[in-house]
Amino acid sequence: MARKVTKAIFPVAGMGTRFLPATKSVPKEIMTLVDRPLVQYAIDEARAAGITEFIFVTSRGKSALEDYFDHNLVLEQDLKLKGKDDLLEILNATNMESGAIAYIRQHKALGLGHAVWCARRLIGDEPFAVMLPDDVIAAGKPCLQQMVEAYEETGGNMVAAMEVPNEKTSSYGILDTGQNVGTVVRAKGMVEKPKPEEAPSNLAVIGRYILGPSVLYNLNQKKKGSGGEIQLTDAIAEDIGNGVPVFGYKFEGQRFDCGSKAGFLQATVSFALARDDLRDDLSQYLHDIVSSDQAAQ
C-alpha cells in the first residue's frame, strides 16, 4: 500500500507578467475568481484530499499572499459584534493554523523543477503533492482527491492528464502512454513541450502531481531542459528510466488555465454561473449581450 500523502508544494514564485499592471502590487495567486482568490481554490482542493502540511515556494513581493492566510483579529471581532456569522464562517475557512503552512523563497526563476526542489528539506523521504494554483479545476469530487484515491492503489508517481488539441502540445508536458485507454494510464515516457509533429500523444500533464522522493533526487542533479530551465517533467521522466512507475490520471472535471487572461475570464463566468446567488442576474446579462450583438449584425 502506498504511503499516505499529507504534504503539498505550491509553486507561486512567478511574477504574473501576463496580468500586468494588476500584478505590479497584487500577487497573481490572490486575484479573485468571483469572491475567492485563486490560491483558496487550490487550498480547499488540497484539504479535501487529506493534505495537512502546505508548503509555498514564493519570491520577493509575495507578502500579501502570506498575509492572506493569517488571522485578521480586528475583522473577526467586527463581524462577531455585528452578528455576521455567515461571513465569519467564510473568513475562518481562509485561516491557517500555526505550523500548518511554510514559506520558502525561490531566489532565481530556474523553472518549475527548481521550485519543487527548493522544498526538498521539508519533504524528506515522503510522497508529496504538487499543485499549480493557475490550474483551477471544477469537479464534483476535487481533482487531487480523485488522484489520491487512485494513487493508494498504484503507488509510484502520478500526474493529472487531459487530452489537448495536437497543435497545443508545445505548451505542455506530454505523456507517451502507448495505448491510451482507461482512467489510469502507465507512461512509457514524458516529453516537455514537444512540437506537434514530434509529440508521442496528445495527453498533456496539467498542474496536479503526486510524486515520490526519488523525483527530488533527480532534481538535485540540476539538469537543464527545455528553455534552459530545470523541468519537473524531465525529473519524472528520469524515474521512468529508473524503473519507477509513472501514471497519468485522466481526471473528471473541467480545467481552466487561469494563467491566461482568457482562461481566467472563462473560469470567472463558469464559477459565477454555478452560484445560486449569481446565476440568474449573470445569465440575463449574458443573454442581453448576445441579443444586442445579434441585433447589431
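Modeller: A salt bridge is a side-chain nitrogen of Lys or Arg within 4 Å of a carboxyl oxygen of Asp or Glu. The present structure is a predicted model, in which local features need pLDDT of at least 70 and side-chain atom pairs count only at pLDDT 80 or more, while totals for chains, interfaces and linings use all residues. Residues are numbered from 1 along each chain as its sequence is written, and side-chain values use heavy atoms, with hydrogens and water left out.

Biologist: How many salt bridges does the structure hold?

Modeller: Buried means under 20% relative accessible area, exposed over 50%, and partly exposed in between (1.4 Å probe, protein chains only). Lysine 141, at 38%, is therefore partly exposed, and so is glutamate 149, at 36%. In the whole structure the number of salt bridges is twelve.

Biologist: How many residues apart are aspartate 35 and arginine 275?

Modeller: The side chains of aspartate 35 and arginine 275 form a salt bridge of 3.2 Å, N to O. Helices (H or I, at least four residues) and strands (E, at least two) are DSSP runs, numbered from the N terminus. Aspartate 35 lies in the loop between strand 2 (32-33) and strand 3, and arginine 275 in the loop between helix 10 (261-273) and helix 11 (279-296), so that the pair links distant parts of the chain. The separation is 240 residues.

Biologist: Which residues are linked with Asp35 in a network of salt bridges?

Modeller: Asp35 itself is partly exposed, with a relative accessible area of 48%. Arginine 275 is also partly exposed, at 26%. The residues linked with Asp35 in the network are Arg275 and Asp277.

Biologist: Does arginine 208 count as buried or exposed?

Modeller: Arginine 208 forms a salt bridge with glutamate 45, and the closest N and O atoms are 2.8 Å apart. Arginine 208 is in strand 12 and glutamate 45 in helix 1, 163 residues apart. Glutamate 45 has 6% relative accessibility and counts as buried. Arginine 208, because its relative accessibility is 1%, counts as buried.

Biologist: How far is the sulfur of cysteine 143 from the closest cysteine sulfur?

Modeller: A disulfide is a pair of cysteine sulfur atoms within 2.5 Å, and a search of the whole structure finds zero disulfides. The closest sulfur to that of cysteine 143 belongs to cysteine 258, and it is too far for a bond. Cysteine 143 is buried at 1% relative accessibility, and cysteine 258 is buried at 0%. The distance between the two sulfurs is 14 Å.

Biologist: Which element gives the most to the lining of the second largest pocket?

Modeller: The second largest pocket holds about 360 Å³ of space. Its lining has 15 residues, and Asp35, Arg36, Tyr41, Ile90 and Arg275 lie nearest its centre. Strand 3 (36-37), helix 1 (38-48) and helix 4 (85-92) each supply at least two lining residues. The most, three residues, come from helix 1.

Biologist: Where does lysine 193 lie?

Modeller: Lysine 193 has a positive phi of about 50° although it is not a glycine. Its relative accessible area of 41% makes it partly exposed. Its place in the chain is the loop between strand 11 (189-192) and strand 12.

Terms used. On a 1 Å grid over the protein atoms alone, a cavity is a set of points where a 1.4 Å probe fits but cannot get out, and a pocket is an open set with protein on both sides within 12 Å along at least five of seven lines; lining residues have an atom within 4 Å of a point. Grid points are joined across faces, edges and corners, and a volume is the space filled by probe spheres set on the points.
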